Amino acid sequence: MEITELTVHELQEKLKNKELTITEITKAYVNRINEKEKDVDAFVTTLTEEALQKAEELQSKMNSGEITGDFAGIPIGIKDNICTKGIKTTCSSRMLENFVSPYNATVMEKINSENLINLGKLNMDEFAMGSSTEYSYFKTTKNPWNLNKVPGGSSGGSAAAVAANMVPWALGSDTGGSIRQPASFCGVVGLKPTYGLISRYGLVAFASSLDQIGPITKDVKDCCMLLNLIAGHDEKDTTSEDMPKKDYTKCLKNDVKGLKIGVPKEFFGDGINQEVKTRLENIIEEYKNLGAEIEEFSLDIAQYALATYYIIACAEASSNLGRFDGIRYGYRTPEFSNLKELYKKSRSEGFGEEVKRRIILGTYVLSSGYYDAYYKKAQQVRTLVMNEFDKAFEKYDVILTPTAPTGAFDIGEKSNNPLEMYLADICTVSVNIAGLPAISIPVALNSEGMPVGMQLIGNRFKEETILNAAYTIEKKLKFREKYKPEFKGGAK
Amino acid sequence: MSRSDYEVIIGLEVHAELSTKTKIFCSCPTEFGGAPNTHTCPICMAMPGTLPVLNEKVVEYAVKAGLATNCEISRNSKNDRKNYYYPDLPKSYQISQFDQPLCEHGYVEIETEEGKKKIRLTRIHIEEDAGKLNHDDFGGGSLVDLNRAGVPLIEIVSEPDIRSAQEAEAYMRKLKSILEYIEVSDCKMQEGSLRADVNVSVKKKTDTKLGTRTEMKNMNSFRSIVRAIEYEVERQIDVLEDGGKIDQETLRWDDVSGKTFSMRDKEDAQDYRYFPDPDLVAIKLSEEYIENIKNTLPELPESRKQRYLEQYNLSEKDANIITASKYLSDLFESAIEVCNNPKAVNNWIISDISRILNETETEPIAIPFDGNQLGKLVVLIDKGTISSSIGKKVLEELFENPRDPEDIIKEKGWIQISDEGAIKEVVSKILEANPQSVADFRAGKDRALGFLVGQAMKETKGKANPKMLNEMFLEELKRGI
């Protein structure tokens, strides 16, 4: 098997047994990036030279016993909205085209202290706003299963890079589905942790009450390991929860007997592709066979989640993105005659259409006279959504839904139709609204040969339950063993 | 109609910088001054991805201020974002409090000509200060200095209970005094750490509806507050008398011309789009927390004043002056500990020290010497080591270059002459030189004695013991009769 096809836990095993060296692993990934990046366009910034150098250093330190550790020398890719000191953090925006952060995000501090090797910064929809990675200022990332299709978004670069074996795993961020939906489109595993489990310090904010960093990996075990690496309270983020550290790999029991799974019928209704429904119904049967208890129920409030999400997310974004004003950093228009013009031109030229659309929407819903009808109402609905989920979790351990209403769509198919693009998030947003953890794992291919993802939603801070449920079905389905992306199509 | 037919309605929004060591949402120092942008970090410079962490001291200080001004303290409070664009506001929003301030419904008492009056406080909330724009002498543009960005502030909002410029001044002085006592702000008005936005409107006494108000921002001296209010009241009455109407607007007070000007850059009413800051968790205060702060609250000016009246027999007027400033009051108390002569210390503070502060336009906080030194000065006079006129010179020295008064008089050779022989010598010399005065005294003109003593003091450069001089002159003069 190719080195780059191995999961991280397999790489760890081979490093431990001295079957592979750090340098060999890094070289294999650098070669893979050099080979596939022209087709996939997953990276905004590649760090191949730096990675090779770091690998040499780490290998010699490893040999001399100066460093130990399970993760030393394991490569990783980072979504380009996570601040990396000394390396560009662009958010795939013209606004931050040349922005170099003066500090590291807390998750980067953790990753660096474990001596992982950063292979580069991964493409995304501008400021994480979008569901296809087509809204990147720099490039459109392609889906490794079919280069004419989108990888999903906004963490499309992260998901595509993992699927294409250009990185063994990656960090993404999820505000309304931005980890899970691209994971689903690219046939990889993506986890949106409970709000508050991972520090947001250094994640360029889109919507502060919804954003969460999370892992995108080849399998569930890797997902647990990366979660181990990044989880934990951070005094720099007061919304991060102070709780004892866990080892998430310990929850993988390969057993779901007696597990209560609720299936909300609203997530299998209109707007969900028939093929997606059929594939997931098969999975539900599999779970039954494995001894889980399945029950259909109604999560009626979910129909309001999408509207609620777009109001809250845009409101927060309109305020969060105000700091990109051309004054201290980022893009500044070359010519202006007064302050107002400096603001207007810098922001008009520096932001893309989708970002501007959301800023305008968010500004509107917070305006006096509209606040009560939109923002306040949305917050009230948010509470109702939370309550409804709380009620569901009194009965069920896990809630099972599709991750996305369809498989990956064609590049260009929805990029000019914002409303249709927003509908790509219909299955994922309620999870962010309620602050819950949810995982997407690939369960089948559709008739176009594109992966179909299943979403498992858990109660707050009950990542273990959904990780084990995902792991058990993963073991049963053996998706990775059966299917591989084929880089079909493409203009090049 | 005449001016007396109008009623003046004034409300103040006072901003006080809190004297915490670090900023409200990061650990940068709050210290005033410093080269531009040296007291900054990624958080207060609003670098992408950074998050605020609320400094607990800020909450504590604000609660102290609330308790000292008779406010109710909210058990549940939160931070909100106030969104607007300006280069000194790096996040493009100020973290403030909108609908759930930490403190509400308080009051302070002021002295007016008609006696005591309560000025009600609507609220006290916490917020962050903005940075500063400096004119660029070389490039011609503006340069942003973010040292002040994130310095904690409390905003104290009064009800429109104030009826004159004098009441506004008394209110502002009272707030300053309270904030100094509870040691939450150093209240240095010149440095802008205490400033007020003044809202003024006028209405006919017979009208029930309030008039349209104007707002004057960032007033940072008592004098300009008084002048600006007086000017604005006149202006508004003139406009109304001429049949015009007042525009609700923000004005800039110009100290030089003594006029207010409309600030043209404010186009429409700003919509700040307040909403709860999702980066910060709600502020929840326990009964125990509030109780603890209540118990550690220091003695406030009002109760100190009462104590001075009873314990030291000060006059109401003197006690008011001394207790108005915590620094004066502390100076008073520590000097008494050294000399045990409250009357004398009181006199020094009320007369000479206050005069020098006035002349040099100095705030009490800037007095360079301490109570120990003042106390020693009083002791030296009480013991007769120096005369009180030398005492005044020692005080001036203390302002110039504060050190132990004993060292000062030794160094300057100001020790009083109390040696009988030496005094006698001077007396004889002066009597000899002034036969006319001697004759006058013997002719019944008592004033001549004063003249002779004065001459002797002049001769000894003020060092002779005046009591001994007096006695000895009398003795000599009477002997000759």
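1. Helices α13 and α14 of chain B. In this predicted model, Ser437(B), Asp440(B) and Phe441(B) of α13(B) meet Ala448(B), Leu449(B), Phe451(B) and Leu452(B) of α14(B). Contact means heavy atoms within 4.5 Å. The residues of this contact divide into five nonpolar, one polar and one charged. Here Ala, Val, Leu, Ile, Met, Phe, Trp, Tyr, Cys and Pro count as nonpolar, Asp, Glu, Lys and Arg as charged, and the others, Gly among them, as polar. Helix α13 covers residues 435–442 of chain B and helix α14 residues 447–459 of chain B; their axes come within 8 Å and cross at roughly 150 degrees. α13(B) and α14(B) are therefore roughly antiparallel to each other. Angles under 35 degrees count as roughly parallel, over 145 as roughly antiparallel, 65 to 115 as roughly perpendicular and the rest as oblique. The crossing of α13(B) and α14(B) is left-handed.

2. Conventions. The model is predicted: local features need pLDDT of at least 70 and side-chain atom pairs count only at pLDDT 80 or more, while totals for chains, interfaces and linings use all residues; side-chain values use heavy atoms, with hydrogens and water left out. Residues are numbered from 1 along each chain as its sequence is written, and chains are lettered from A and ligands numbered from 1 in the order in which they are written. Helices (H or I, at least four residues) and strands (E, at least two) are DSSP runs, numbered from the N terminus. Axes are lines fitted to C-alpha atoms, for helices over the stretch in contact, and angles run from 0 to 180 degrees between N-to-C directions. A crossing is left-handed if the near helix is turned anticlockwise from the far one by less than a right angle, and right-handed if clockwise.

3. The sheet of chain B. Nine strands of chain B form an open, mixed sheet in the order β2-β6-β7-β10-β1-β11-β12-β13-β14. Strands pair if DSSP finds at least two bridges between them. β2 (72–73) and β14 (259–262) of chain B are the edge strands, each with a single partner, so one side of each has no neighbour in the sheet. β1 (residues 6–17) and β10 (residues 152–158) of chain B run antiparallel, joined by five bridges. His15(B) stands opposite Glu155(B) in β10(B). Helix α2 (residues 165–181) of chain B packs on the sheet, touching β1, β6, β7, β10 and β11, and makes about 115 degrees with the direction of β6(B).

4. A hairpin in chain B. β8 (residues 132–135) and β9 (residues 142–145) of chain B pair in the antiparallel sense over four bridges. Asn134(B) stands opposite Leu143(B) in β9(B). Six residues lie between the strands of this hairpin, and Gly140(B) takes a positive phi near 85 degrees.

5. The sheet of chain A. Eleven strands of chain A form an open sheet with mixed pairing, in the order β1-β3-β2-β4-β6-β5-β10-β11-β9-β7-β8. β1 (43–46) and β8 (293–297) of chain A stand at the edges with a single partner strand each, so one side of each lacks a neighbour in the sheet. The twist averages 30 degrees from one strand to the next.

6. Around β3 of chain A. Six of the six residues of β3(A) are buried, so β3(A) is largely enclosed by the rest of the structure. Buried means under 20% relative accessible area, exposed over 50%, partly exposed in between (1.4 Å probe, protein chains only). β1(A) and β3(A) run antiparallel, with three bridges. Thr45(A) stands opposite Lys121(A) in β3(A). β2(A) pairs with β3(A) in the parallel sense over five bridges. Gly120(A) in β3(A) is the bridge partner of Gly77(A).

7. Helices of chain A. Helix α5 (residues 156–163) of chain A lies across β2, β3, β4 and β6, at about 155 degrees to β4(A). α9 (residues 305–320) and α12 (residues 372–395) of chain A pack at about 125 degrees, with axes 9 Å apart. That makes α9(A) oblique to α12(A). The crossing of α9(A) and α12(A) is left-handed.

8. Backbone points to check. Most residues other than glycine have a negative phi, and most peptide bonds are trans. A cis peptide bond joins Gly153(A) and Ser154(A), with omega about 10 degrees. Ser154(A) lies in the loop between β3 and α5 of chain A. Asp41(A) has a positive phi near 55 degrees and is buried, at 13% relative accessible area. Lys478(A) has a positive phi of about 50 degrees and is partly exposed, at 42%.
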